[in-house]
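Please look at the structure below and follow how its parts meet one another. The text moves from one contact to the next.

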Amino acid sequence: MARQTSEGVAGPLGRLILHVYILGAAIFLVAPVVAITAGSLTTTQYVVFPPRGLTLEWYLRMFDRPEMLSSFALSLGIAATAATIAAVVGLVAALAMVRHPSPLNRLLWLLVVSPMMLPSVVLGFAFLQAYTHMGFGSTVAGLLAGHVVLVTPYAVALILTGLKSLDPTLELAARSLGANPGRALRRVTLPLILWSVAAGWGLAFLVSFGDAAVSVFLNTPEMVTLPVRIFDALRYSPLNPELTAISSGLVIVTLAVLVASASVVRFERLFGGRAGEPAKTPKNQEGRRA
Amino acid sequence: MNAFNDIGFKAAISAAALAAVLSVAHPPRAEAATPLVLACYPGAPETFFRAEIIPRFEKEYDAKVTYLTGNSPGTIAKLQAQKDDPQIDVACIDDGPLVQAKGMGLVQATDPAKLPNLKEIQEVSQFKDGIGVGWGLFRFGLAFNPDEFKQRNLPALESWNDLARADLKGHVVVNSISISYTPILLTMLARANGGDERHIDPGFAEMQKIRPNVFTFDTTADLTPYFQQGEAWVGVWTDSETYSYVQRTKFPLKFVFPKEGTTAIQTTASVVKGAKHAELAEKFLNYLIGREAQELMADKLGWMPVNKSAKLPSDMAAIIASPPGSGDNMVSLDWKYLGEQRPAWTERWNKEIETQ
Amino acid sequence: MNPGRARHELGRWLRLALLPAALFAVIYAWPMVQILRGSLNGFDPIAGIVPALKPDFYVKFLTDSYYLGVLWRTVRLSLMVTVVAAIAGYPISYFLVRSRGRLRLLLIIVLLVPLVTSPVVVAYGWLVLLGSKGIVNMALIALGVTDEPIKMIYTAFTLVIGLVQVLAAFMVLSIAASLQSLDWNLVLAARSLGAGGWRAFGAIILPLSLPGVATGCLLVFSLSMSAYAVPALIAGPQVKVMSELIYEQTMALLNWPFAGCMSIILLLSTTGLLAAVGVLGRWQRARQIAAAAAEA
């Protein structure tokens, strides 16, 4: 019985329609970017789609710009750190909100989620003024703080969803079997919401990595994040294939980083099994060893 | 390895990555040379400064220049935030916002005696209050695609009012009111129709006629995508930007000054009030308006020089149909008045023009 | 709950909530309080901020039909984007959680591409595709549907499309998070009891995934209300939304008090709307619970 896969709800016709729909949606999602990426293969000095002639020249030029590479490294570091802090803050806040019903939770929720309801130009400007006043304006700490505020809402929202969908009796069961709260949390709850935490971290990372608006206010001569560089380059120079190549190259590299880190920490397992199959949770594996 | 360790593992990797990255991203600082912090435009101007101006200046004055990127409002926001403890020495600000920067007390005057190159630049770049100098000239006019015009046998552009011509329907690009070019366009339209900046109604009236021709009101200050995609045949732009673009991409564009006259905006540079390295900042201003820097700018960046003795690149004439005379014969605008009117004009534009 | 227990509960809540609250109080709440304070200042176009304590900008905004119209348009379009994203995204989430590792990863990547790409590039891509010399128009003309190119770009329609594209990932991942935690044995049970596919979906899967849908709607709605890049670049300033007005005041006019005022109004609108929907949800459930209790 445990090995049976749930059949899902769609019959063969339903499945076909679903597949066609997914294909259409996928095309819709990537069409503009594909157009530009393909257009950057053009031999003309300006982006044209369909491209006239094909060349990789513009993509290769990307590596000639050392400031692009150092900005890339900076963006990567800031995004990873901000996302991790956001995930921790999000987890703690979500636990507080779900475990302990209290009117104060409204306020807490508002506090950590409302940043995404404001245009980032407002956030950037506010941070510049306030952080400079507090003494850490044009520093890494300031840039990082701005990013943490920017991306925490996403982590909170997703982790909260995972927690809410969870059956609370599971952890109670673990407690009644003798586990202390910390152990119950780590061994039972966390593995079950791992998808939400991972997705929250991932979204936080991407939003931070791609942010130009907040970073534009908090940048310093040494610390210019990559999207700001690209955004600036695109603003004051004509949209030439070199810059669009950089932009689409950035997309490819970002996603490659995600895929690489996915295999490093075995996201496969974090995603959980295919919904409906017996999940290969760590708990199962531990059980076998014990 | 249980799931919780995975998070710890990720966190450790992130922390290590950040540490490694930060140690690389911080370049070692040079000792002994006087530092100078320059807040200036990003993109092509930044590349130009880093490649041409900064190395020469550093060598001649034993300086170490740091380049902080930002557009005019971003730089002003930073100056405002740092008012009590300025970190920037020289700020590049467009002349429109410069009026506000002066009003807010963020920039200071320089004794003309300290700027010997001042006598070589045209009058419109020297400010009477001694605060700041203009260094790049952008004259307004109409950029157009000559291939499209030839293909469709369209008559040549002569007047600002030609923007309202029926044969250009849907193929004109104008900047949105959030870009500083647009109040100037309004003024020029007013002047072409019997008014001026103090009587702006004819400008708005003409703009209503132009409205159906507008493909879009651009918010990025970059008209090139619209030309490139063939959507725009005519754009309200500046000579420097048109020339710079054509020089770089060889896209077919030409530029013409309408017969009713035109005006110019400038990029300016000022010494920040209370700057830590004010003396060196003044030397930088002087260098920037000197002949060497100005000729380099015209050649490498494609921007019109303000220095009268600077030689222009040879291919400029082919692209820009020059008006009789240089920057000195331009209509000069009362920037302070324009600045005062801008909020009201913006609101009126939002309600009457840039609406559906 | 006796007072001692209540205090104990509060203590445990505090232990968890203190870290996020304190951190955000310093790096977020404090700057926003400054913004609020700043919005009560006056403004002179030349001299800049004039310190004061007047609600003049609030009065200006709330009594001008133009500004209220922009706010209303922002709300309307955001709601549209949310509904479209929810309906269009649900099947994608379903497919996502039902697919295996590599296909799942590919789909996630496809979802993330619009989010990860610079908005300038995405906008340019739409211009290339939907412009008068773009592929879509070329196809329409070739098929004889129309003689002249149709203007498809820089309209409210493009804004909705553009935002749905960029925000789809948030909706899909939220719903997927819920579906993932779902106990599919329930579906098995329902099927074995004779329920057809759609019945199982409607009775079990849909209701249990509602937290995910709610989160997705929260994310997409909030982000639509505050979005700047997509509306400015893809819809153009003729379809003006709140963030563009705020941007205009902040960057072009340097009128930071007015910008702050509009930001506060935007924030209150968004949270107010979400609170209203949340409250409605609660009433619904209260009625259902009361009805169920009455039956029992």
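In this predicted model, the contact between chain A and chain C takes 84 residues from chain A and 84 residues from chain C. On the side of chain A that touches chain C, several helices each supply at least two residues, among them H1 (12-39), H3 (66-99) and H12 (241-264) of chain A. The helix that gives the most to this side is H1(A), with 15 residues. By class, the side of chain A that touches chain C divides into 59 nonpolar, 21 polar and 4 charged residues.

Next comes a pair of helices from chains A and B. The crossing of H5(A) past H3(B) is right-handed. From H5(A), the residues Phe125(A), Leu128(A), Gln129(A) and Thr132(A) meet Ala77(B), Lys78(B) and Ala81(B) of H3(B). This contact has 4 nonpolar, 2 polar and 1 charged residues.

Domain 1 of chain B puts 17 residues into the contact, and domain 2 of chain B puts in 19 residues. On the side of domain 1 that touches domain 2, the elements of chain B giving two or more residues are helix H4 (95-103), strand S5 (133-144) and strand S10 (264-272). H4(B) gives the most to that side, with 4 residues.

Technical notes: Residues are numbered from 1 along each chain as its sequence is written. Chains are lettered from A and ligands numbered from 1 in the order in which they are written. This is a predicted model: local features need pLDDT of at least 70, side-chain atom pairs count only at pLDDT 80 or more; totals for chains, interfaces and linings use all residues. A crossing is left-handed if the near helix is turned anticlockwise from the far one by less than a right angle, and right-handed if clockwise. Two residues are in contact if their C-beta atoms, placed from the backbone, lie within 7 Å. Ala, Val, Leu, Ile, Met, Phe, Trp, Tyr, Cys and Pro count as nonpolar, Asp, Glu, Lys and Arg as charged, and the others, Gly among them, as polar.
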